[in-house]
Amino acid sequence: MRKPIVAANWKMHKCINESEQFAREFTEKLGILEKAEVVICPPFTSLAVVADAFEGTAIKVGAQNCFPKEQGAYTGEVSPHMLRDIGCQFVIIGHSERRQILEETDEFINEKVQAALKFGLKLILCIGETLEQRENGITNAWLRGQLEAALANITEDQMEEIVIAYEPIWAIGTGVTASSQDAQATIKHVRDVLADLYSPKIAEQTRIQYGGSVKPSNIRELMEQPDIDGVLVGGASLEVNSFLEIVRGAI
Ligand code: PGA
């Protein structure tokens, strides 16, 4: 059985005080967490306070990005080694905002995947198509290509540390969610690609999230789909009660 995984991607939101307040209130209200894994990904500047607030709980902390080197002359970058040091267990890699706004390539994303694993981080690897690609009927081929590139040189054993997040770009931050049937069909395709690239066993055990305008009102329907193992939540993760409802709806 794949354990549901619900992740909050705060993007470039919340200063230190707000992050700490969220973490403390969320921990208190959530209570004991057994049936799902919850990962909160604040901005770099809030990682330390959030990691501190979650210490001794089952809630995990993730970063939203990393640079694929241990250390060196890379001004402004943060290494996976530093993320481990600050208390992260996860890192998000390949988010569409980084692919589009910061022009990250598939090759660079693959380097980050390899580096994150090397330094002991688990990762949430994001893939997704644009509206134009969906309308042109090339979604499945596009996602296969993104997976092949991002997972180049990644072994079957390493796949245990990877969660895939399918996030259709047209659904991110737009309020438009993919219908649960479309999300299910595409995520089933992603699973089939993993069976081709690795084995039926890897396809069966890998957790695949849906992301894109997930809210308390659509979480249950999404989670009812057999291949959807969790969600990656942006906007609706910024407020404690709304994210709590999503976590509860995912169990
Ligand atoms: P959203 O963002 O929930 O605000 O659509 C999701 C994401 O980008 O991970």
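How do the residues of the lining of the largest cavity divide into nonpolar, polar and charged?

Reply: A word of caution comes first: this is a predicted model. Now to the cavity. Its lining divides into two nonpolar, four polar and two charged residues.

Here are the names. The largest cavity is lined by Gly94, His95, Ser96 and Arg99, together with Cys126, Ile127, Gly128 and Glu167. Two elements give two or more residues each to this lining: helix 4 (96–101) and strand 5 (122–127). The volume of the largest cavity is about 40 Å³. The count of cavities of 30 Å³ or more comes to one.

Keep two of those names in mind. His95 and Glu167 line the largest cavity. His95 and Glu167 are also among the residues that come nearest to the ligand. So let us turn to the ligand.

The ligand has 13 residues around it. Those that come nearest are Lys11, His95, Glu167, Gly173 and Ser213. Look at three of them in turn. The side chain of Lys11 has an N or O atom 2.7 Å from an oxygen atom of the ligand. For His95, an N or O atom of the side chain is 2.7 Å from a ligand oxygen. Gly173 uses its backbone: one of its polar backbone atoms is 2.6 Å from an oxygen atom of the ligand. How well covered is the ligand? Taken alone, it exposes 280 Å², and the protein buries 95% of that. The shell around the ligand divides into four nonpolar, seven polar and two charged residues.

Where does the ligand sit? Its place is the second largest pocket. That pocket holds about 240 Å³ of space. Its lining has 20 residues, and the closest to its centre are Lys11, Gly173, Ser213, Gly234 and Gly235. By type, the lining of the second largest pocket divides into seven nonpolar, 10 polar and three charged residues.

Next comes the largest pocket. Its volume is about 430 Å³. It is lined by 17 residues, of which Lys11, Met12, Gln64, Arg98 and Leu102 are the closest to its centre. Lys11 turns up again here. Helix 4 gives the most to this lining, with three residues. Helix 4 also gives two or more residues to the lining of the largest cavity. The lining of the largest pocket divides into eight nonpolar, five polar and four charged residues.

Finally, look at two loops. Most residues other than glycine have a negative phi. Lys14 is not a glycine, yet its phi is positive, at about 80°. Lys14 is in the loop between strand 1 (5–9) and helix 1 (16–30). Asn153 is not a glycine either, and it has a positive phi of about 70°. You will find Asn153 in the loop between helix 7 (139–150) and strand 6 (162–166).

How values were computed. Residues numbered from 1 in each chain as written. Heavy atoms only, no water. Near = heavy atom within 4 Å. Polar contact = N/O pair within 3.5 Å; in protein donor to acceptor, adjacent residues only side chain to side chain. Areas by Shrake-Rupley, 256 points an atom, 1.4 Å probe, with all protein chains shown as cover. 1 Å grid on protein atoms, 1.4 Å probe; cavity = no way out; pocket = protein on both sides within 12 Å on 5 of 7 lines; lining within 4 Å. Sits in = over half its atoms within 2 Å of the grid points. Nonpolar A, V, L, I, M, F, W, Y, C, P; charged D, E, K, R; others polar. Points joined across faces, edges and corners; volume = space filled by probe spheres on them. Helix = DSSP H or I, 4+ residues; strand = E, 2+ residues; numbered from the N terminus.
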